Amino acid sequence: MTNGPENGADRSAGEGGGESTGPSAEPPRERAPGGAREVPDGPAPAKKGTGDGSSAGEPPREKAQEAPEGAQDGPEGGAGGPGGEGAPGGGAAANEGAGKGSWAGEQPEAGAGTSGGGAPGEAAAGNGRAGKGGSVGESPYGDAGGGHSGGGEGELRGDGGDFTDAEVARGRALRRLTVPVALGGAAVSLALNLALGLTHGGAALVGGFGSAWALRVLGAAVTLVGIGEVAGLPAAARGRVVRARFGLVTQGWGGWAVDRLRGLLISLPLAVGVLYALYALAGVTRWWWAWAAAGAAVLAVLLSFLAPLLLEPLFNRFTPMAPGPLREALLALAARDGVAVREVLVADASRRTTALNAYVSGIGRTRRIVVYDTLLTTAEPREVELVVAHELGHVVHRDVARGTALGAVGAAAGVCVLAAVVTWQPLLDAAGVAHFADPRSAWLLAAAASLGGTLAGPLSAALSRRIERRADRHALDLTAAPSAFAAMQRRLTAANVGDPAPPRPVHLLLGTHPTPAERIAAARAWHPADT
């Protein structure tokens, strides 16, 4: 389940270029405004996660409108990280805050890493918004907060006349530049996995580390993560350049490189541990796949709990929100919704991006509301409340708990399916190994997982869109402020340079959230439930 109200967050390749060949965790990537979420190159073998989670080993993603490169949130790269699918040993950990994607206006096409979120998208420069609030005109609905979020630059146009010509053109331009990069990166990653997994190439690479079993397992982890990272760098760098051109990046190249390195330092040890456990089991029992499936399920659950506490702080600094009306309003909103929240934190997203976002992270006692500092300095307090109300909807509907359970079941089932595939003799012969217990079969495992993740992507996106629509409805029911909701969507779409209405085929393939136009239309059609 996605953690944030990202509009049409794309799932396809982002900065990191789609499915990663190895388990790697990436820093929060900048999200492209289309809802494309870039995800850290998560644990190798198994990619895409359920919902919007990312796979094991992936750092928390920041949810912001997907920035050109891939979408915000998190490390660039393929799947991996809390909330997405993971390697055989780490299923998707559906974390409430994991993969924080952008709230509104994300373009479903601007792909991001397969299962994760990308770095926080940068704010759109010159989109015509007038100051903080930037609303002009009165709300057609009569409730607070309804003006157009743009500053009246150009003539209003587009779906329902909610965006100016300049805003629509800008969002489309970003989408057209980022989608090819995202899809190209994903294609390169998949092709690399298949080329090395279905030929003797992968076995030769791993075998080059020596004949000892332990060295070969280490070689498998190093090559999966390392080569996957190198293969994804061109798309990741290009995506960053595009996002920067649209004013969505505030982080320098040095900081970007450090984030990627930090992601590798998380994903490589994870990959080593997972592969050592997997191949040790395969070498001692014919029921290795059953034990591996159980381990994958447990890892998915653990990551959903630990990611907010251990991974998120590695990529962002969190400080308690200062006492005041907004903090009290957010806590009151959670209390009215029956959600116990430990604290309200502010994330220093402005270090990397200008994208706007907020999310609810953690489970049980670790649950907290997190608001981007960029959102606090750009949006009206009422709009911040609406973003948080959407996130509370995920909690109330148990999307995180269900996502975690689904991730655990999916991880276990995925291991079972992979076991059947990687033990098929014709494939083992093609990979140049006699049996799966040989660590040189790791690239075959990665190829099968990568292909499976790619095929499951559209279904995962469809499920995510359904869940996000329900969270939107919850926000409207909780706040009874449809015009403020529409104004917030307009502001976020413009700030994150989102395409209000991307081409349907692209949205169906990559969009994890409803499009901005759909979300605004839903707000206009909303009416209080009969009591």
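**Entry 1: a buried tyrosine**

I started with tyrosine 359, which is buried, with a relative accessible area of 2%. A reminder to myself before going on: this is a predicted model. I then looked up tyrosine 372 and found it buried too, at a relative accessible area of 2%. Next I checked how the two rings sit. Tyrosine 359 and tyrosine 372 make an edge-to-face aromatic pair, with 6.5 Å from centre to centre and 90° between the planes. Tyrosine 359 belongs to strand β5 and tyrosine 372 to strand β6, so this pair ties together parts that lie 13 residues apart in sequence.

**Entry 2**

How many of its residues are buried? I found 5 of 5, so to speak a mostly covered strand. In a regular strand, side chains alternate between the two faces of the sheet. I went through the directions here: Arg368, Val370 and Tyr372 point one way from β6, Ile369 and Val371 point the other way, and all are buried.

I looked up the neighbours next. Strand β5 (residues 358-361) runs antiparallel to β6, and 4 bridges join them. In that pairing, serine 361 stands opposite arginine 368. The hairpin of β5 and β6 has 6 residues between the strands, and glycine 362 takes a positive phi near 95° there. Strand β4 (residues 344-347) pairs with β6 in the parallel sense, again over 4 bridges. I noted valine 344 opposite isoleucine 369 of β6.

**Entry 3: other rings**

How many aromatic pairs does the structure hold? I have 6 on my list. One of them joins tryptophan 287 and tryptophan 289: the ring centres are 5.8 Å apart and the planes meet at 45°, so I wrote this pair down as tilted.

Then I checked for charges over rings. The charged end of arginine 240 sits over the ring of tryptophan 253, 4.2 Å from its centre. Arginine 262 lies over the face of phenylalanine 315, at 5.8 Å from the ring centre.

**Entry 4: helix α6**

At 1.5 Å a residue, its 12 residues should span 16 Å, and the end C-alpha atoms are 16 Å apart, which agrees. Which residues of α6 are buried? My list reads Leu326, Leu330, Leu333 and Ala334. Viewed down the axis of α6, the buried residues fall within an arc of 95°, so they line one face of the helix. An α-helix has 3.6 residues a turn, so residues three or four places apart point the same way. On the other side of α6 I found Pro325, Ala335 and Arg336 exposed.

**Entry 5: the UniProt record**

Last, I turned to the annotation. The unreviewed UniProt entry gives "transmembrane region" for residues 177-201, 213-236, 263-282, 288-311, 404-422 and 442-463. I compared two of these spans with the model. Residues 177-201 are 92% helix and 0% strand, with end C-alpha atoms 33 Å apart. Residues 213-236 come out as 100% helix and 0% strand, and there the end C-alpha atoms lie 34 Å apart.

How values were computed:
Residues numbered from 1 in each chain as written. Predicted model: local features only at pLDDT ≥ 70, side-chain atom pairs only at ≥ 80, totals over all residues. Heavy atoms only, no water. Buried < 20%, exposed > 50% of the residue type's maximum accessible area, 1.4 Å probe, protein only. Pairing = 2+ DSSP bridges. Phe/Tyr/Trp six-rings, centres within 6.5 Å; stacked < 30°, edge-to-face > 60°. Lys NZ or Arg CZ within 6 Å of the ring centre and 35° of its normal. UniProt positions renumbered as here; feature names shortened; annotations may be inferred. Expected span 1.5 Å × (residues − 1). Arc of directions from axis to C-beta.
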